[in-house]
Amino acid sequence: MNIFLQTTDAAELLEQITAQTADKSGIMSFGELVVAGGWLMIPLALLGAASIYIFVERYMAIRKAMNFDSNFINNIREDIYEGKINSAVQLCKNTDTPIARMIEKGIERIGRPLNDVQSSIENVANLEVSKLENGLPFLATIAEGAPMIGFLGTVIGMVIAFMNMSQAGGAIDIGMLSSGMYTAMITTVAGLIVGIPAFFGYNYLVARIERLVFQMEVNSIAFMDLLNQPVDKR
């Protein structure tokens with residue numbers, strides 16, 4: 001008898017779900033989904049906008065830094081061998097890249113011990129890399145934090161659903177559960193939508209910076225070789 005009653009209740013609940021689904025004229029719009037997600041959609045939207053801004057701004061800055069003339073170090077070598085130190089410095093100033101600023105500092109230290117020249121170059125290189133990494137820690141935080149906010153929305157949504165069930169007593173209606181379930185599912189999806197691109201974007205930018213650091217090291221070594229053996233290459 002109990003099994004029959006439980007089966008009847010399940011059938012009635014299924015009929016209610018089917019009826020409410022049939023009453024809908026179409027799927028929910030994007031705005032309705034955002035509203036159904038609850039107030040946690042606001043911080044997720046702000047984090048999504050911030051991640052897009054950081055990625056685009058850092059991408060453009062790194063791209064500009066990597067726009068480097070392969071003949072730059074050769075031109076610097078010719079100017080130094082010909083004694084045109086001021087011309088070499090001016091060439092560095094006209095080349096707005098981290099490598100040029102690094103070499104410029106080395107040229108300004110010509111005449112001092114080579115260890116001092118190398119140390120000054122390394123200090124400038126560290127400063128330039130630090131500038132390029134501005135905003136990346138926050139992008140990494142978004143990549144990790146957005147899914148956690150989405151998971152928080154899942155927990156809140158389930159709490160809302162169970163509270164509605166407890167208040168309804170035995171007369172459970174699918175409409176009572178819909179608000180909590182929407183909050184649970186939509187915030188989870190939104191958190192992943194924000195977090196996953198931020199994660200890939202962060203790693204992509206880090207890889208680009210590592211490539212630039214390699215170029216800086218290559219040019220630094222070439223410049224120090226230039227100072228070590230100036231006579232043999234004239």
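Tutor: Let's start with Glu128, which lies in helix H7. Helices here are DSSP runs of H or I with at least four residues, strands are runs of E with at least two, and both are numbered from the N terminus. This is a predicted model, where local features need pLDDT of at least 70 and side-chain atom pairs count only at pLDDT 80 or more, while totals for chains, interfaces and linings use all residues. Residues are numbered from 1 along each chain as its sequence is written, and side-chain values use heavy atoms, with hydrogens and water left out.

Student: Why does Glu128 count as buried?

Tutor: Buried means under 20% relative accessible area, exposed means over 50%, and partly exposed is in between (1.4 Å probe, protein chains only). Glu128 has 6% relative accessibility, so it counts as buried.

Student: Which residues does Glu128 touch, not counting those up to four places away in sequence?

Tutor: Contact means heavy atoms within 4.5 Å. With that sequence limit, Glu128 touches Pro98, Arg101 and Met216.

Student: What about Asn219: why does it count as buried?

Tutor: Asn219, in helix H9, has 10% relative accessibility, so it falls on the buried side of the cut-off. Leaving aside neighbours within four places in sequence, Asn219 is in contact with Phe68, Ile73, Ile99 and Ile103.

Student: What makes helix H6 mostly covered?

Tutor: Count its residues: eight of the eleven in H6 (residues 98-108) are buried. They are Pro98, Ile99, Ala100, Met102, Ile103, Glu104, Gly106 and Ile107. Across the protein, buried residues make up 32% of the 234 residues.

Student: And what makes Leu46 an exposed residue?

Tutor: Leu46 sits in helix H3. Its relative accessibility is 58%, so Leu46 counts as exposed. The C-alpha atoms of Leu46 and Val194 are separated by 9.8 Å, although these two are 148 residues apart along the chain.

Student: How many aromatic pairs are there?

Tutor: Rings of Phe, Tyr and Trp (its six-membered ring) pair if their centres lie within 6.5 Å; planes under 30 degrees apart count as stacked, over 60 as edge-to-face and the rest as tilted. By this rule the count is four aromatic pairs.

Student: Why is the pair of Phe55 and Tyr204 called tilted?

Tutor: Their ring centres are 6.2 Å apart and their planes stand at 45°, so the pair is tilted. The pair links distant parts of the chain, with Phe55 in helix H3 and Tyr204 in helix H9, 149 residues apart. Phe55, at 29% relative accessibility, counts as partly exposed, and Tyr204, at 37%, is partly exposed too.

Student: Which residues form one aromatic cluster?

Tutor: Phe55, Tyr59 and Tyr204 do.

Student: Now, what lines the second largest pocket?

Tutor: The search uses a 1 Å grid over the protein atoms alone: a cavity is a set of points where a 1.4 Å probe fits but cannot get out, and a pocket is an open set with protein on both sides within 12 Å along at least five of seven lines; lining residues have an atom within 4 Å of a point. The lining has 14 residues, and Glu122, Ala125, Met216, Glu217 and Ser220 lie nearest the centre. Helix H7 (114-132) and helix H9 (174-228) are the elements that give two or more residues to it. H9 provides the largest share of that lining, seven residues.

Student: Where is confidence lowest in the protein?

Tutor: pLDDT is the predictor's confidence in each residue, from 0 to 100. Confidence is lowest in helix H1 (residues 2-23), with a mean of 44, and highest in helix H3 (residues 41-66), at 92. Over residues 1-11 the pLDDT is below 50, and this stretch has zero contacts in the model beyond near neighbours in sequence. The protein averages 79, and 74% of the residues score at least 70.
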